[in-house]
Amino acid sequence: MLLPCAAAALLPVQGLAQGADLEGMTWTEQKCAFYDRAFDDAVGKVDAKGLSAAFLAQNEAFVAGGCTEYLRICPTSAQEYRLVDILTLMTMNEGMASTFVPFGCPQ
């Protein structure tokens, strides 16, 4: 299962390489814009029916807050876990730390 996730994460996110709309943004703002686009792109790579309304709403809240609020969104379905894996790899490929993504579960 990890191999398909890794391969999907290597695919380019639509329009992110053209940074014209990122000019004048701070690195934090750029990361959030990338993450928002990457999330939408990654949703297209998984079965969206397996993504809960709560999972999607928490992600929207993270982006709406400028990706700066400390949130830990816990995936619960196979599709949510797959999406989390893809997004983590996509963001790391763009030079963002794996700690940027808002995913984690209570221990």
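**A residue-by-residue chat**

Visitor: Asp41: buried or exposed?
Guide: Asp41 is buried, because its relative accessibility is 17%. Buried means under 20% relative accessible area, exposed over 50%, and partly exposed in between, with a 1.4 Å probe and protein chains only.

Visitor: What should I know about the model itself?
Guide: It is a predicted model: local features need pLDDT of at least 70, side-chain atom pairs count only at pLDDT 80 or more, and totals for chains, interfaces and linings use all residues. Residues are numbered from 1 along each chain as its sequence is written, and side-chain values use heavy atoms, with hydrogens and water left out.

Visitor: Back to Asp41. Which side chain meets it in a salt bridge?
Guide: Lys45, with N to O at 3.3 Å. A salt bridge here is a side-chain nitrogen of Lys or Arg within 4 Å of a carboxyl oxygen of Asp or Glu. Side chains of opposite charge can pair when their charged atoms come close.

Visitor: How does Lys45 count, and why?
Guide: As partly exposed, because its relative accessibility is 23%.

Visitor: How many salt bridges does the structure hold?
Guide: One.

Visitor: Zoom out. How many helices and strands?
Guide: Four helices and zero strands. The order from the N terminus is α-α-α-α. Both kinds of element are DSSP runs numbered from the N terminus: helices are H or I with at least four residues, strands are E with at least two.

Visitor: What share of the protein counts as buried?
Guide: 38% of the 107 residues. The accessible surface comes to about 6,100 Å², and 58% of that belongs to carbon and sulfur atoms. Those areas come from the Shrake-Rupley method with a 1.4 Å probe; for residues, only the protein chains shown count as cover.

Visitor: And contacts between residues at least 6 apart in sequence: what share joins residues at least 24 apart?
Guide: 74%. Contact means heavy atoms within 4.5 Å.

Visitor: Now the largest nonpolar core. How many residues?
Guide: It has 23 residues. Those with the most contacts inside it are Tyr35, Phe55, Phe62, Cys67, Leu83, Leu87 and Phe103. H2, H3 and H4 each supply at least two residues of this core. The largest share, six residues, comes from H2. A nonpolar core is a set of buried Ala, Val, Leu, Ile, Met, Phe, Trp, Tyr and Cys residues joined through side-chain atoms within 4.5 Å.

Visitor: What do the buried residues of H2 pack against?
Guide: H3 and H4. Among the buried residues of H2 are Cys32, Phe34, Tyr35 and Phe39.

Visitor: Pick Leu83. What does it touch?
Guide: Phe39, Ala42, Val43, Val46, Leu51 and Phe55, not counting residues up to four places away in sequence. Leu83 is one of the buried residues of H4.

Visitor: Where does Thr88 lie?
Guide: In helix H4, residues 78-93. Thr88 is buried because its relative accessible area is 18%.

Visitor: Which backbone oxygen does its side chain reach?
Guide: The side chain of Thr88 reaches that of Val84, at 2.8 Å. A polar contact is a pair of N or O atoms within 3.5 Å; within protein, one must be able to donate a hydrogen and the other to accept it, and residues adjacent in sequence count only if both atoms are side-chain atoms. The backbone oxygen of Thr88 in turn lies 3.0 Å from a polar atom of the side chain of Thr91.

Visitor: Thr91: buried or exposed?
Guide: Buried, because its relative accessibility is 0%. Thr91 touches Phe34, Tyr35, Met96 and Val101, leaving out residues up to four places away in sequence.

Visitor: Last one: where is Cys67?
Guide: In the loop between H3 and H4. Cys67 counts as buried because its relative accessibility is 7%. Its phi is near 60 degrees, a positive value in a residue other than glycine.
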